[in-house]
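This report describes selected residues of one model, with attention to charged side chains and to positions annotated in a database record. The sequence and the structure are shown first.

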Amino acid sequence: MTFRATVRGTSYVFGDLATLLAKANEEKSGDQLAGIAAATATERVAAKLALADVPLADILATPLLDDAVTELILREHDAALFTDAGLASLTVGEFRELVLAPGFATAWSERGLAGAITPEMAAAVAKLMSDKDLIVGAKPLRTVTRCRNTMGEAGVLGVRVQPNHPTDDVEGILLSTLDGVLYGCGDAVLGVNPVTESVAGVGAVLHGLQALIRRFSLPTQTCVLAHITTQLAALAAGAPVDLLFQSIAGTEAANRSFGISLEMLAEGREAVLAHHRERPGEFLGDDVMYFETGQGSALSADAHGGLDQLTVEARAHGVARAYAPFLVNSVVGFIGPEYLADARQITRAGLEDHFIGKLLGLPMGIDVCYTNHVDADQNTNDDLLVLLVAAGCNFVMGVPGADDVMLSYQSTSYHDAAGMRDLFALSPTPEYTAWLESRGLLHAGRLADPGPDVAAALLAGLDQAVLDVPSPVRALTNGR
């Protein structure tokens, strides 16, 4: 199958669907590194024109890779709904018009249209959209998930507290967590990236975070973002696991490079669900997975299979969708300038990832971030944060001072997240809002000064939470 378009008298021919999708993608340094990007802006326009005329049914009938991820995508696809909802008769261009139509979000929600859309279709339509289109298209699409609280409802902006510590000191992590809670952050998850892949160390942090939750009756969930095998080993050793984390990618080869398989994800999810059944009354729902993705990760592993960054990212979202996640997070600017060269490319990728995730029915958040060797700064980061919150992003990061002292990258801070809630009149999750109000930390939807008595009580509770950590576990940390 070949595709053609003519621009200003010049004919362009694209030999297959993967080539067409790559050439139609917005400029990305990673696609250029892979040698699959459009050579000129005119060629990119021609590819977009040709892509607009491709029927969605042809995309469904043309698998881009012969691997386990493709098999999963096709197995999960609702072919009957694809036909009954009229999507099978649309071209990519017509699908764009449908997504941007005023009544689409209602039909998408009521009919469950996400299940009829494959990742490749979502990637294709995103390539025809402006940044504004990606915001408008994503804004009304809501996917609600439940673990200890309820994420994703309209009017809610969740925040992950990311209290990373350079030595995994539990007391330091808990103090940083409490700092975030005072800003109203942490309703999405209390999520720590550990320094080392130690079962004992991961277990210590999990025990510490759970002690804080129990001491304060905090309606949120915890996660330590180690490899899935390390987390499951910690679970087997007695550590409490709320959410099971794993970084995932959009090809079988890239997931293999991460040391995972689709079967491993399924088995891990079942293990955590069984663990939750042993903790009755703690959880509102059965959404127990937390996935992270990001454009360029498959290319960095030389496992992209000739596909462009956006298409591979969409396929990663397809993997996530199969395991009913509580949270999905694109760490958009973390991977570096080889894949997203500057703030403009990071902004585009963040809006693309968010839109595609929403269209596929994911509880989508974005780590609005950049590394210190890329052409971006905190102002451009703030710009993307505002755009994503305007687009209805489910959650963002809360990092102390917006500077992660362990991972050495720049993200968004507790006060950034609080500022976005004020600017857009958004709230934490309902359960978290009620808790903040009961503690005098939130009043009439605005953060309140807790006063010395409340602050002292919280600090005393923090000290007790540290002491609540089992003694053998506490001995593994630098805390008392």
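Asp31 is buried but takes part in no salt bridge, and Lys28, the nearest side chain of opposite charge, is 5.5 Å away. Here, buried denotes under 20% relative accessible area, exposed over 50%, and partly exposed the range in between, computed with a 1.4 Å probe on protein chains only. A salt bridge requires a side-chain nitrogen of Lys or Arg within 4 Å of a carboxyl oxygen of Asp or Glu. As to charge, Lys and Arg count as positive and Asp and Glu as negative, while His and the chain ends are not counted.

The model is predicted: local features need pLDDT of at least 70, side-chain atom pairs count only at pLDDT 80 or more, and totals for chains, interfaces and linings use all residues. Residues are numbered from 1 along each chain as its sequence is written, and side-chain values use heavy atoms, with hydrogens and water left out.

Asp31 belongs to helix α2 (residues 29-34); helices (H or I, at least four residues) and strands (E, at least two) are DSSP runs numbered from the N terminus. Its side chain makes a polar contact of 2.8 Å with the side chain of Asn25. A polar atom of the Asp31 side chain also lies 3.0 Å from the backbone nitrogen of Gln309. A polar contact is a pair of N or O atoms within 3.5 Å; within protein, one must be able to donate a hydrogen and the other to accept it, and residues adjacent in sequence count only if both atoms are side-chain atoms. Beyond four places in sequence, Asp31 touches Asn25, Glu26, Ile36, Ala37, Asp308 and Gln309, where contact means heavy atoms within 4.5 Å.

## Salt bridges

By the rule above, the count comes to 21 salt bridges.

| Pair | N to O distance |
|---|---|
| Lys48 and Glu26 | 2.8 Å |
| Arg344 and Glu27 | 3.1 Å |
| Arg315 and Asp67 | 3.1 Å |

In the salt bridge of Lys48 with Glu26, the partners come from distant parts of the chain, 22 residues apart: Lys48 in helix α3 (residues 41-52) and Glu26 in the loop between α1 (17-24) and α2. Lys48 is buried at 17% relative accessible area, whereas Glu26 is partly exposed at 26%.

Arg344 forms its salt bridge with Glu27. Because Arg344 lies in helix α18 (residues 343-359) and Glu27 in the loop between α1 and α2, this pair ties together parts that are 317 residues apart in sequence. Glu27 is partly exposed, with a relative accessibility of 30%.

For the salt bridge of Arg315 with Asp67, Arg315 lies in helix α17 (residues 309-321) and Asp67 in the loop between α4 (56-60) and α5 (68-76), so parts 248 residues apart in sequence are tied together. Arg315 is buried at 0% relative accessible area, and Asp67 is buried at 8%. Elsewhere, Lys28, Asp131, Arg348 and Glu352 are linked in a network of salt bridges.

## Annotated positions

An unreviewed UniProt entry lists Arg160, Val161, Gln162, Asn193, Glu292 and Asp367 under "binding site". Of these residues, Arg160, Gln162, Asn193, Glu292 and Asp367 are included in the lining of the largest pocket. UniProt positions follow the numbering used here, feature names are shortened, and annotations may be inferred rather than shown by experiment. On a 1 Å grid over the protein atoms alone, a pocket is an open set of points where a 1.4 Å probe fits, with protein on both sides within 12 Å along at least five of seven lines; lining residues have an atom within 4 Å of a point.

Glu292 lies in strand β9 (residues 289-293) and is buried, with a relative accessible area of 10%. Its contacts beyond four places in sequence include Arg160, Gln246 and Asn329. Asp367 is placed in strand β11 (residues 364-367) and is buried at 1% relative accessibility. Among the residues that Asp367 touches are Gln162, Ser330 and Tyr409.

The "binding site" label of the unreviewed entry also covers Pro194, Gln246, Ser300 and Met406. From this set, Pro194, Gln246 and Met406 belong to the lining of the largest pocket. Gln246, in strand β8 (residues 244-247), is buried at 4% relative accessibility. A polar atom of the Gln246 side chain lies 3.0 Å from the backbone nitrogen of Ile228.
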